Amino acid sequence: MNKAVLNSASVARALHAAFCRDASRQELLQLAATKIRASGSPYTGVYMYMLNDSNELVLEAFDGTPTEHDRILVGQGICGRAVQEGRDLNIRDVSADSGYLACSTETQSELVVLIRRNDDVLGQIDVDSDEPAGFDDAEETAVRKVADALATLL
Ligand code: SME
């Protein structure tokens, strides 16, 4: 596996340090989004959705192009499908996905990684990329490590 662009260990350290300084959930989610996007291509936009009691994904932090999709019902879009199917989704060409909810016309690929605590899905890290097939196995693994770190802190 190639070395990931995203340094997940560095992001996890920053999250733990913020947690030790009593950062709020929103601050932790924003820190994760900002740190992930700061790693550069293929991370064009990072959106942190948390699952509420009404089976909706609610946007609680993001870094990148603003989106109108601040609430997404489970089952809708790529984000909602990931929760419904209980799995991470790596969409290499969003234009080929009939359920895709567009945020930016520049987006070509998208990665959704669930934030899980044991069997519970707390939310997800949704990453848009202007690159085709932007996320290889190394990037997917790195984002999953950040999601796992968040799951221990939220
Ligand atoms: N593209 C996502 C919606 C979220 S915006 O990209 C931030 C989807 O299809 O669910």
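Around the ligand there are 13 residues, and the closest are I78, C79, L101, E110 and D128; a residue counts as near when one of its heavy atoms lies within 4 Å of the molecule. Please keep in mind that this is a predicted model, where local features need pLDDT of at least 70, side-chain atom pairs count only at pLDDT 80 or more, and totals for chains, interfaces and linings use all residues. Residues are numbered from 1 along each chain as its sequence is written, and side-chain values use heavy atoms, with hydrogens and water left out.

From D128, a polar side-chain atom lies 3.2 Å from a ligand oxygen. On its own the ligand has 310 Å² of accessible area, and the protein covers 100% of it; the areas come from the Shrake-Rupley method with a 1.4 Å probe.

The ligand sits in the largest cavity. Strand 1 (45-51), helix 3 (77-85) and strand 6 (120-129) each give two or more residues to the shell, with helix 3 providing the largest share, 3 residues. Helices (H or I, at least four residues) and strands (E, at least two) are DSSP runs, numbered from the N terminus.

Now to the charged pairs. The whole structure holds 8 salt bridges, each a side-chain nitrogen of Lys or Arg within 4 Å of a carboxyl oxygen of Asp or Glu. Three of them are listed here.

| Salt bridge | Closest N and O atoms |
|---|---|
| R25 and E60 | 2.3 Å |
| E56 and R71 | 2.8 Å |
| R144 and E140 | 2.9 Å |

R25 in helix 2 (residues 25-38) and E60 in strand 2 (residues 56-63) are 35 residues apart, so this pair links distant parts of the chain. E56 in strand 2 and R71 in strand 3 (residues 71-73) tie together parts 15 residues apart in sequence. E56 is buried at 19% relative accessibility, whereas R71 is partly exposed at 47%; buried means under 20%, exposed over 50%, and partly exposed in between (1.4 Å probe, protein chains only).

Terms used
Polar contact = N/O pair within 3.5 Å; in protein donor to acceptor, adjacent residues only side chain to side chain. 1 Å grid on protein atoms, 1.4 Å probe; cavity = no way out; pocket = protein on both sides within 12 Å on 5 of 7 lines; lining within 4 Å. Sits in = over half its atoms within 2 Å of the grid points.
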